[in-house]
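Welcome! Let us take a guided walk through a protein model, one region at a time. Have the picture ready and follow along as you read.

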Amino acid sequence: MNSAPWLLLACAAAVAGYQVGAVAPHQRSSSRRSAHRSRRALSSPAMKWGVDIMPWSVEYGQQAAPVTLPEGVVEGMPPLPFEITDEQRRTLLEDGAVHIPGLLDEEWLEYLRGATNWQVENPHFWSIAGVASGLYDYIQRSVWASNDAFANFLYYSPLASALAGLANAKELRLATDLLMVNPNKGFKWHQDNQNGPIDAFGTTESNAGKELPALRWWVTMDDTPADHGAPVYLKGSHKNTQVSSDAVFVDLEKDGLLAYPELLEFRPKAGDLIVWHARAIHKIDGPTDQDWGSSRRRVLGGTVAVDETQYLTMGRALFSDMGSHGLEEGAPLNHPLFPKIYPVSDPKERAERAAGRCTRTSEGMQRLASNMFASIGEMMSWTNVVNPDAKETANSR
Ligand SMILES: O=C(O)CCC(=O)C(=O)O
């Protein structure tokens with residue numbers, strides 16, 4: 001087989017994919033079944049909403065959803081303020097996750113919904129594999145880089161102020177983002193390790209003494225149903241010492257997670273924010289028939305790096321690190337590809353993005369591919385998180 005198209009396909013599937021971690025021998029046959037299913041789906045991409053995602057129909061470059069920023073928001077201003085209470089800060093540190101109601105007002109909600117609906121109707125090339133797999137009705141990483149509307153949301157909405165308040169941060173940089181519409185299949189218990197080229201778990205010297213080296217964030221544009229559609233956490237599980245840093249899928253029994261029996265089940269409403277520690281173990285259930293029908297669960301999520309952060313790939317295949325930047329391992333994470341969003345966005349970084357220079361490049365693809373082949377076993381692990389055959393007993397709770 002000619003390896004070039006296969007490599008491209010693998011990269012595309014991985015980009016749509018979600019997590020990277022180690023695969024245990026007993027999980028390999030189900031991984032192979034999943035991979036087979038994904039390859040079949042990729043051969044004829046289709047979208048449930050009837051939007052054409054054939055490669056010749058989608059857009060490849062910069063996009064700008066035609067949405068109007070809320071009144072009073074002007075280019076270059078800092079993010080709108082948002083007050084965080086001591087109690088909310090304490091909850092995040094102690095429980096590993098916190099629900100912040102009412103982040104977005106009606107105007108911002110309308111803005112973000114408009115941008116998302118437009119994005120779904122005008123799919124970007126980088127959404128094809130994820131959409132075709134059926135995992136989500138629409139999923140796209142680094143949507144901030146390709147669509148002005150999402151960048152402006154990150155620069156000017158109250159999101160960055162809320163995140164800074166939770167971490168008592170002086171500076172925040174976006175390390176990765178993900179637009180996720182309707183998670184059809186859900187994800188079993190896992191930890192997040194697609195957090196960008198940073199030490200989000202705080203395991204390196206560079207983050208010694210930082211209580212929160214990074215924050216995972218999740219903003220919903222819709223009320224989530226009572227029993228699915230929002231992440232469920234094992235309270236306090238971010239303090240676990242047994243789950244290895246490269247794992248994604250976890251086994252509650254073998255990984256010592258039964259020590260965290262209490263579930264944190266939020267029921268977020270449209271405009272709410274959930275923030276968690278990258279090591280917090282969580283799952284998300286989709287609808288039982290894996291079909292959202294006409295209802296919507298539109299979420300923008302991601303990871304921010306808190307204060308002085310180093311560029312650290314640690315040899316991992318990272319889907320938000322597919323551009324050209326020249327950063328050496330351990331260099332300060334100061335680059336337009338990982339934009340400053342707090343205390344205020346940087347005009348030069350905004351201009352780089354607007355000029356289409358925060359996009360993926362062949363150099364970045366090669367970086368991803370070489371790290372991917374260095375850890376091919378780990379690459380397959382994310383399929384275990386979604387595979388309905390995998391370890392049902394240990395993880396159904
Ligand atoms: O909301 C989703 O679809 C996935 C949430 C999740 O598990 C994550 O972002 O890690």
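## Getting started

The bond joining Tyr342 to Pro343 is a cis peptide bond, with omega at about 5 degrees.

Keep in mind that what you see is a predicted model. In this model the protein has 13 helices and 11 strands. Of its 397 residues, 51% are buried.

The average pLDDT of the protein is 86, and 83% of the residues score at least 70. Over residues 1-43 the pLDDT stays under 50, and the model has 84 contacts beyond four places in sequence for them. Residues 387-397 also stay under 50 in pLDDT, with 14 contacts beyond four places in sequence. Where pLDDT is low, the predicted coordinates should not be read in detail.

## A sheet of four strands

Now look for an open sheet with four strands in the order S4-S9-S6-S7, paired in the antiparallel way. Which strands stand at the edges of this sheet? They are S4 (187-190) and S7 (263-265); each has a single partner strand, so one side of each has no neighbour in the sheet. On average, neighbouring strands here are turned by 15 degrees against each other, ignoring direction.

Let us zoom in on one pair. Strand S9 (residues 282-284) and S4 are antiparallel partners, joined over two bridges. Here His190 is found opposite His282 of S9.

The loop between strand S6 (232-234) and S7 holds Lys239. Is Lys239 buried or partly exposed? Lys239 counts as partly exposed because it has 14 C-beta neighbours inside 10 Å, while a buried residue would need 20 or more. Lys239 and Ala280 are 41 residues apart along the chain, and 7.8 Å separates their C-alpha atoms.

## Around the ligand

Which residues surround the ligand? They are Met180, Pro183, Phe187, Asp192, Trp218, Pro231, His282, Ile284, Val299 and Gly301. Strand S3 (172-183), S9 and strand S10 (298-306) are the elements that each give two or more residues to this shell. Sorted by class, the shell has seven nonpolar residues, two polar ones and one charged one.

You have already met His282: this member of the shell is the residue that faces His190 in the sheet.

## Strands S2 and S3

Strand S2 (residues 136-141) is mostly covered, with six of its six residues buried. S2 pairs with S3 in the antiparallel sense, over five bridges. In this pairing, Tyr136 stands opposite Pro183 of S3.

S3 also contains Asn182. The phi of Asn182 is near 60 degrees, which is a positive value in a residue other than glycine. Asn182 is buried because 25 other C-beta atoms lie within 10 Å.

## A covered helix and an exposed residue

Helix H8 (residues 159-167) is mostly covered, as eight of its nine residues are buried. Among them are Leu159, Leu163 and Leu166. Just after H8 comes Asn168, with a positive phi of about 50 degrees.

For another positive phi, visit Asp307, where the value is near 55 degrees. Asp307 is placed in the loop between S10 and S11. With 16 C-beta neighbours inside 10 Å, Asp307 counts as partly exposed.

Our last stop is Ser362, in helix H10 (residues 362-374). Ser362 is exposed because it has 9 other C-beta atoms within 10 Å. In sequence, Ser362 and Met322 are 40 residues apart, and in space their C-alpha atoms are 8.1 Å apart.

Technical notes: Residues numbered from 1 in each chain as written. Predicted model: local features only at pLDDT ≥ 70, side-chain atom pairs only at ≥ 80, totals over all residues. Pairing = 2+ DSSP bridges. Axes fitted to C-alpha atoms, helices over the stretch in contact; angles between N-to-C directions. Near = placed C-beta within 6 Å. Nonpolar A, V, L, I, M, F, W, Y, C, P; charged D, E, K, R; others polar. Buried ≥ 20, exposed ≤ 12 C-beta atoms within 10 Å, placed from the backbone. pLDDT = per-residue confidence, 0-100. Contact = placed C-beta atoms within 7 Å.
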